[in-house]
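Welcome! Please take a moment to look over the sequence and the model before reading on.

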Amino acid sequence: MKTCIFGGTFDPPHIGHLLIAQTVFESEHFERLIFVPANISPTKKNGDSSSPKTRLKMLEISLINNTNFEISDIEIKREGVSYTVDTLQEFVNSLNLDKKDLFFLMGSDTLRSIHTWKDPEKIMELCNIIVAIRPGFAPSDIPQWILDNVRFANIPRFEVSSTNIRARWREGKTIRYMVPKEVWEYINENELY
């Protein structure tokens, strides 16, 4: 079964995440696309993120009624720092997937640091990497051995980021149309950020 894993902090999940996921799902003809919220991101160990439970709830709210998408709490259940290589290996084992059927979706901002991740070579052995290009991306910033192992998705570019959304919220600015209405309500009711 052709499967795409979309990992991230999703703090909060926003319209850009959803549009990229839907566009890639359709263009690549995936049979399933699985959102995997990190328990603790290796790049965000300082505790600045909302709780895993909160981020999982916001994803559930965002994806309700979209049968193309699934959510896995595999990293939250595993606890500790979430490493992509460990998650991919678990999906390979539990779903009996090989590389031709396993894809990992990431933004080009994330691709810049993949060489610093835990066992990046193994990640590229386990799956095909699809990269959604974000504004300001320059392939010249990426080592060639990585570029040789990724495919860039032909999708619209969105200038929405979770970091920007949190900053706007703290500044009292609107995040309307940046997140689903239900996520906005959840953030407001729970006084996040």
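This report visits a helix, a pocket, a loop and some charged pairs, then ends with a few backbone details. Keep in mind that the model is predicted.

## Helix H2 and its surroundings

Let us begin with helix H2, which runs over residues 52–63 and has twelve residues. From its first C-alpha to its last, H2 reaches 16 Å, close to the 16 Å expected at 1.5 Å a residue.

Which residues of H2 are buried? They are Thr54, Arg55, Leu56, Met58, Leu59, Ile61, Ser62 and Leu63. Among the elements that cover these buried residues are helix H1 (15–28), helix H3 (74–78) and helix H9 (181–189). Strand E2 (32–37) and strand E3 (69–71) are also part of that cover. Just after H2 comes Asn65, with a positive phi of about 70 degrees.

## The largest pocket

Next, find the largest pocket, which holds about 920 Å³ of space. Its lining is made up of 42 residues, and those nearest the centre of the pocket are Gly7, Gly8, Thr9, Lys44 and Thr110. By class, 17 of the lining residues are nonpolar, 18 are polar and seven are charged.

## The loop between E1 and H1

Thr9, one of the residues nearest the pocket's centre, lies in the loop between E1 and H1. Is Thr9 buried or exposed? Thr9 counts as buried because its relative accessibility is 11%, and the cut-off for buried is under 20%. Leaving aside residues up to four places away in sequence, Thr9 touches Ser41, Lys44, Ser49 and Arg55. Of these, Arg55 is also one of the buried residues of H2, and Lys44 is another residue listed nearest the centre of the pocket. The C-alpha atoms of Thr9 and Pro37 are separated by 5.4 Å, with the two residues 28 apart along the chain.

The loop between E1 and H1 is also the place of Pro12. A cis peptide bond joins Pro12 to Asp11, with omega about 5 degrees.

## Charged pairs

Side chains of opposite charge can pair when their charged atoms come close.

Lys100 forms a salt bridge with Asp101, and their closest N and O atoms are 2.9 Å apart. Lys100 is exposed at 59% relative accessibility, whereas Asp101 is buried at 18%. Glu171 pairs with Lys173 in a salt bridge, the closest N and O atoms being 3.2 Å apart. Here Glu171 is exposed at 52%, while Lys173 is partly exposed at 42%. A further salt bridge links Asp73 and Lys77, with 3.7 Å between the closest N and O atoms. Asp73 is partly exposed at 26%, and Lys77 is exposed at 63%.

To finish, look at two loop residues. Glu79, found in the loop between H3 and H4, has a positive phi of about 65 degrees although it is not a glycine. Tyr177, in the loop between H8 and H9, is a residue other than glycine with a positive phi near 75 degrees.

Are these residues buried or exposed? Glu79 is exposed because its relative accessibility is 57%, and the cut-off for exposed is over 50%. Tyr177 is exposed as well, with a relative accessible area of 64%.

How values were computed:
Residues numbered from 1 in each chain as written. Predicted model: local features only at pLDDT ≥ 70, side-chain atom pairs only at ≥ 80, totals over all residues. Heavy atoms only, no water. Helix = DSSP H or I, 4+ residues; strand = E, 2+ residues; numbered from the N terminus. Expected span 1.5 Å × (residues − 1). Buried < 20%, exposed > 50% of the residue type's maximum accessible area, 1.4 Å probe, protein only. Contact = heavy atoms within 4.5 Å. 1 Å grid on protein atoms, 1.4 Å probe; cavity = no way out; pocket = protein on both sides within 12 Å on 5 of 7 lines; lining within 4 Å. Points joined across faces, edges and corners; volume = space filled by probe spheres on them. Nonpolar A, V, L, I, M, F, W, Y, C, P; charged D, E, K, R; others polar. Salt bridge = Lys/Arg side-chain N within 4 Å of Asp/Glu carboxyl O.
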